[in-house]
Amino acid sequence: MNNYIKINSRLGKFHLNVQLKLVNGINCLFGPSGSGKTSIINCIAGLIKPEYAKITINNFMLNNTEENFFCPIHKRKIGYVFQDSRLFPHMTVMKNLIYGDKLYKGQRKIFHEKEIIDLLNLNELVDRFSHNLSGGEKQRVAIGRALLSQPRLIIMDEPLASLDQEKKNELLKYIIKIYENFKIPIIYVSHSTTETFLIGHKINFISNGKLAFQGEKEKAFKYYNKEYNENLTDNFLQGKITNIKNNNITTIKINKFNIYVVAKNFKVGDKVLVKIKSTDMVICKSLLKGTSALNYLKLQLREIIVEEISVSLYFQFNNTLLKANITKASLGNLKLKVNKYYIILIKAININEVMSFNLI
């Protein structure tokens, strides 16, 4: 399928200039507020008419300013899920779900009411009104309504922003199910690194109206850990649970390294996403005896960047880089050198953000 997006347009004082190629999977647009993520999807949806654009989804042309072509919004067949559900309060859940049917009456349906209701677990909600629904229930209905509009593309703009973590995890499961069941391309906009790395097949970092990076998850980890300017302290790694002890000490294999964490609700074989803060690492020139830290890694120092307040150290960790932050005083005391090997200590109890890919 040809899914191609090229936009070059001034939106007030903001200049949007991006070129994206979507995969037939979940395409994440990640970046801080004001980076241009929502402007991109609004151009795709037809809510913004850009100065210059070529946009093709599933071989269907949406915009081509060179040929003075702009497909009307109602003919674009895009299901748009907003941050707030935007359900019609005077309609029942069922009437909200089938609202888009009238646009495609007589056309062959790809998505049918019963399968969408079953998929999103909406059977007990269909006769209720939106004001009686929780935030997570409203978003499930909004996703169902978007699917029943028979779209060739789903756009989700921060759909989990207003939900607590438990509800976020629940909705992520449904979003994954949608792709697995229907293989429809999804554009998922978020400023949550965890959501982005958990569900993204292709990850696009947007910065100041431009595409700073695009690629698959493994390369995106490396970019985020080292190159992404907005990332001050986080390292994201992907691993697999290999052992769980009775005291909840869990072993995570990350390529050739083992990381120990205090965790529960996992099982051996689970694939997990691990976040390690750069400020939780202790750098040693030699292995200490009698330390409480369970994690000690011998890694090669690849780069030292002295910043205004602290120092960022980048160590080779498998095929990515692990960032550690120390003070300038510590750098002076240790006299660290690039390409030398050092010991990194991390307390298992400090690695408290571990999410299972199996949850979604």
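**Cores, a helix and a strand**

The largest nonpolar core here has 52 residues, and Ile-178 and Phe-205 have the most contacts inside it. A nonpolar core means a set of buried Ala, Val, Leu, Ile, Met, Phe, Trp, Tyr and Cys residues joined through side-chain atoms within 4.5 Å. Helix α5 (residues 165-182) supplies the largest share of this core, eight residues. Apart from that core lies another, of 32 residues, with Leu-299, Leu-313, Ala-324 and Leu-334 among them.

A quick note on ground rules: this is a predicted model, where local features need pLDDT of at least 70, side-chain atom pairs count only at pLDDT 80 or more, and totals for chains, interfaces and linings use all residues. Residues are numbered from 1 along each chain as its sequence is written, and side-chain values use heavy atoms, with hydrogens and water left out.

Back to Ile-178: leaving aside neighbours within four places in sequence, its contacts (heavy atoms within 4.5 Å) are Leu-119, Leu-120, Ile-143, Leu-147, Met-156, Lys-183, Ile-184 and Ile-186.

Now look at helix α7 (residues 217-226): seven of its 10 residues are buried, so the rest of the structure largely encloses it. Buried means under 20% relative accessible area with a 1.4 Å probe, protein chains only. Among the buried residues of α7 are Phe-221, Tyr-223 and Tyr-224, but also Lys-217 and Lys-226. Helices are DSSP runs of H or I, at least four residues, and strands are runs of E, at least two, numbered from the N terminus.

Finally, Ile-249 sits in strand β13 (residues 249-254), and it counts as buried because its relative accessibility is 16%. Not counting residues up to four places away in sequence, Ile-249 touches Asn-243, Ile-244, Tyr-260, Val-261, Val-262 and Leu-294.

Technical notes:
Buried means under 20% relative accessible area, exposed over 50%, partly exposed in between (1.4 Å probe, protein chains only).
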